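Trainee: I have a new model open and would like to learn how to read it. Can we go through it together?

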Amino acid sequence: MMTDHGSNLCTPAKVNEQIDNVQNKEVDEEIEVQSEELDTNVRRSTRERTQTDRMLAYQREESHKAERKLMHAYEKWKAEARKARSQLKLDISESELATLIDSLEKEKDSVMNAYIRVRSNVTPPTDMRRKIDACDAVTKDIVKIAYERISGVDGGFDNETVKGHLRELLERDYARSVYGSTVSRISSKSSTPISQPSLNSILMAKRIEAAAELAAKEAEYATVIEEREQREKLRLLEEKQRKELEAQKGEFERLQAMKEVRAARARLEVYDKEETVDTVNQDEGLQQPVSPPTHKPVYLSSVNPTPNISSQGPNADVSQLAQAVQDSITLDRLPMPEPTVFSGDPIHFIEWKASFQSLIDKRHISSGDKLYYLKKYVTGPALKVLDGIFYRNDEEAYKDAWKRLLDRYGQPFIIQRAFREKLACWPKIQSKDSVS
C-alpha cells in the first residue's frame, strides 16, 4: 500500500512543470485580452474557454491527492473510534473521558476538512459521502455516551449498563463500516429483525432527550424549592421580630400592671397593720380596769414602760412603710424619662448620646428594639445619615448606625465648628432682638 501511495504522488519536477504551464497559459490569456481591448471596433469574443489537457491532468492529480488524504484521515478516525469504544467499556476517570472526546473530535475535524478540499475539486461519490455521514454519526454517539458518563445521568459505573449502550452502537446501520468484524459477529449471533436497530436508536435518542428534560426540570424544581424556603425564612424572621416586639410591649405593660398591684398591696398591708394596732390598743384598754386602782400608778411606772416602747416600734415601722408607699406612688405618677430627639445639630449630640445610652442602650433588649428606639429619637438630617440601616435588625446594623452618627456629628472638630458658627450668628440674633 505504501508503494502505491508513493507512486501516485507527483515529483517536484512535475509540479514545477505544471505550475509553469499554468503561468504561461495565464500570460497568453492576458495578452489576448489586451489585444481585444485595443481593437474597439471588434466586439468581445464569446468563445467558451476550454482547459488544456495538462490543466485537466493537474486537477485530476490534485483530486486524487485530496481523496488519498481524506481516506488516510478517515482510517485514523476509524482507529480512534474503535479505541474510544474500547475505553468506554472500562471505569475511567472524567479527565480520561474528556481526553477521549477531544481526540475523537479532533480526528473527525481532520476528516471534515479533507472532505471539504475534495468537494472543492470534484463532486464526491456516494460511497465517500456515506463514510462522512458515518463519521459524523458515530462520533456524536460516542461523545454522547461519554458526556452521560461525565454528567452521571445513569448514576455510577455499571458494567452491564455500559455494555448495553455500547452494544446498541454496534446495531446501527451506519456503524457497520466503522466497527467491521465486531458488527458482523453481533449481527450473526443476534436474531433481532433488521428494523430493530433503528428502533433502538430512536428509543435511545428519546431516552437521552427525556433525561435532559428531567435534569432541567429537577434543576428548576430545586430552584423553586430554594426560593420558597428563602421566602419562608424571611417570613419567619419578620414574624419572630414582630413577636419579640409584642413580647417587649407585653413585658412593659406587665411591669406597669405589676407596679400598680405592688402599690395597692402596699396600701393594703399598711391598712391591715394599722387595723391590727388599733385592735391591740382596744384590747389593752379593756383589760386595764381589771387591775386595782391603787396599783395603777405603780403598774405604769414599773411594769408598763416596756410595753409602751414595744408598741411604739410597730408604729414607727408603719409610718416608714407608709412614707415609702407614698414615695412610690409619687414616683409612679411622674412621667417616664425619655431621651431627647436629635435632629442633626452637633452641639446637642453629646447630650443626646448620653441620654439615649443611659435610658435605652443599657437596657437588656435586643438590637432590633434598640434600632427601633434609635429611629424614634432621631429626625431630620440625622435620620438621612442612617438611610438603609433600618432594613436590618442585627447587632452589626446597630453598631453601623452609631458609627455613622459618631463620624458625622461626634467628631471634636465638627462640634467646635458648630460652636464657632453659633457664636458668629449670636451678634445678629442679639441685634434682631434689640430692634424688636
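Mentor: Let's take the fold, one residue and the confidence in turn. This is a predicted model, where local features need pLDDT of at least 70, side-chain atom pairs count only at pLDDT 80 or more, and totals for chains, interfaces and linings use all residues. Residues are numbered from 1 along each chain as its sequence is written, and side-chain values use heavy atoms, with hydrogens and water left out.

Trainee: How many helices and strands does the protein chain have?

Mentor: Helices (H or I, at least four residues) and strands (E, at least two) are DSSP runs, numbered from the N terminus. Here the protein chain has 16 helices and zero strands.

Trainee: Is Lys108 buried or exposed?

Mentor: Buried means under 20% relative accessible area, exposed over 50%, and partly exposed in between (1.4 Å probe, protein chains only). Lys108 has a relative accessible area of 17%, so it counts as buried. Of the 436 residues in the protein chain, 22% are buried.

Trainee: Where does Lys108 lie, and which residues is Lys108 in contact with?

Mentor: Lys108 lies in helix H4 (residues 94-121). Contact means heavy atoms within 4.5 Å. Leaving aside neighbours within four places in sequence, Lys108 touches Trp77, Cys135, Asp136 and Thr139.

Trainee: Where is confidence lowest and highest in the protein chain?

Mentor: pLDDT is the predictor's confidence in each residue, from 0 to 100. Helix H10 (residues 296-303) is lowest, at a mean of 38, and helix H15 (residues 395-409) is highest, at 93. Over residues 289-311 the pLDDT is below 50. Where pLDDT is low, the predicted coordinates should not be read in detail.
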